[in-house]
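Subject: Structure handover

Hello,

Here is the structure for you to look at. My notes on it come after the model.

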Amino acid sequence: MEVIKIRHSDLNAENEITKNIPFECSLEIAPGLGQVKFNSITVKGYILAEAGSGIEVNRQIVAGGGIKAGEQIEAGWWIEAGKAIVAGKGIVAGRAIVAGDQIEAGEQIEAGGVIVAGGGIKAGEQIEAGW
């Protein structure tokens, strides 16, 4: 499976992605980019944001594999992964957070709706679900 790499040159002045992300790929975000902004992300493979980079999405983040970020993972709607969801800081979704394996954050885990994990759920700070 192809790995799409996001670098500083793929971002505009507001740190929004300008590159097209195909479904049949895995996505890697270079280190030190801060919160990289997307409208929506859906990939068949994994999503990895290296140290100093995070993911901020207006709608949903969906990955067939795992989702991992050195910083925050944030979605206006939901975050869903076939494997683990891991963030160095917080994991926040307006609706739901769903993982086939564990959910782990260095800070808070928050969802406006449900939090569901096939493995454990661990946060350095609070865990909060709306439903």
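The notes below go from the whole chain to single residues.

This is a predicted model, in which local features need pLDDT of at least 70 and side-chain atom pairs count only at pLDDT 80 or more, while totals for chains, interfaces and linings use all residues. Residues are numbered from 1 along each chain as its sequence is written, and side-chain values use heavy atoms, with hydrogens and water left out.

Whole chain

The protein chain has 18 strands and zero helices. Both are DSSP runs numbered from the N terminus: helices are H or I with at least four residues, strands are E with at least two. The radius of gyration is 13 Å, close to the 14 Å from the globule rule for 131 residues, so the chain is as compact as a globular protein of that length. That radius is taken over C-alpha atoms, and the rule is 2.2 Å times the number of residues to the power 0.38. The C-alpha trace spans about 40 × 30 × 20 Å along its principal axes.

Of the 131 residues, 43% count as buried. Buried means under 20% relative accessible area, exposed means over 50%, and partly exposed is in between (1.4 Å probe, protein chains only). The accessible surface of the chain comes to about 6300 Å², and carbon and sulfur atoms hold 48% of that. These areas come from the Shrake-Rupley method with a 1.4 Å probe; for residues, only the protein chains shown count as cover.

Among contacts in the chain with a separation of 6 or more, 5% are between residues 24 or more positions apart. A contact here is heavy atoms within 4.5 Å.

Asn15 is in the loop between β1 (2-6) and β2 (25-29). It counts as buried, at 18% relative accessibility. Its side chain reaches two backbone oxygens, that of Leu33 at 2.8 Å and that of Gln35 at 2.9 Å. A polar contact is a pair of N or O atoms within 3.5 Å; within protein, one must be able to donate a hydrogen and the other to accept it, and residues adjacent in sequence count only if both atoms are side-chain atoms. Leaving aside neighbours within four places in sequence, Asn15 is in contact with Leu33, Gly34, Gln35, Val36 and Lys37. Asn15 also has a positive phi of about 70°, although it is not a glycine. Most residues other than glycine have a negative phi.

Asp10 lies in the loop between β1 and β2 and is buried, with a relative accessible area of 12%. Outside four places in sequence, its contacts are Lys5, Glu16, Ile17, Thr18 and Lys19.

Gln35 sits in strand β3 (residues 34-38) and is partly exposed, at 23% relative accessible area. The side chain of Gln35 reaches the backbone nitrogen of Gln72 at 3.5 Å. With neighbours within four places set aside, Gln35 is in contact with Asn15, Gly54, Ile55, Glu56, Glu71 and Gln72. From Gln35 to Gly106 there are 71 residues in sequence and 16 Å in space, C-alpha to C-alpha.

Trp77 and Arg95

Trp77 is in the loop between β9 (73-75) and β10 (78-81), and counts as partly exposed at 32% relative accessibility. Arg95 lies over the face of Trp77, at 5.1 Å from the ring centre. The criterion for a charge over a ring is NZ of Lys or CZ of Arg within 6 Å of the ring centre and within 35 degrees of the ring normal. Not counting residues up to four places away, Trp77 touches Asn58, Arg59, Gln60, Ala93, Gly94, Arg95 and Ala96. The C-alpha atoms of Trp77 and Glu128 are separated by 15 Å, at 51 residues along the chain.

Lys44

Lys44 is in the loop between β4 (41-43) and β5 (47-49). At 42% relative accessibility, Lys44 counts as partly exposed. Residues touched by Lys44, not counting those up to four places away in sequence, are Met1, Phe23, Glu24, Cys25, Gly64 and Gly65. Lys44 and Gly34 are 10 residues apart in sequence and 24 Å apart in space, C-alpha to C-alpha.

Regards
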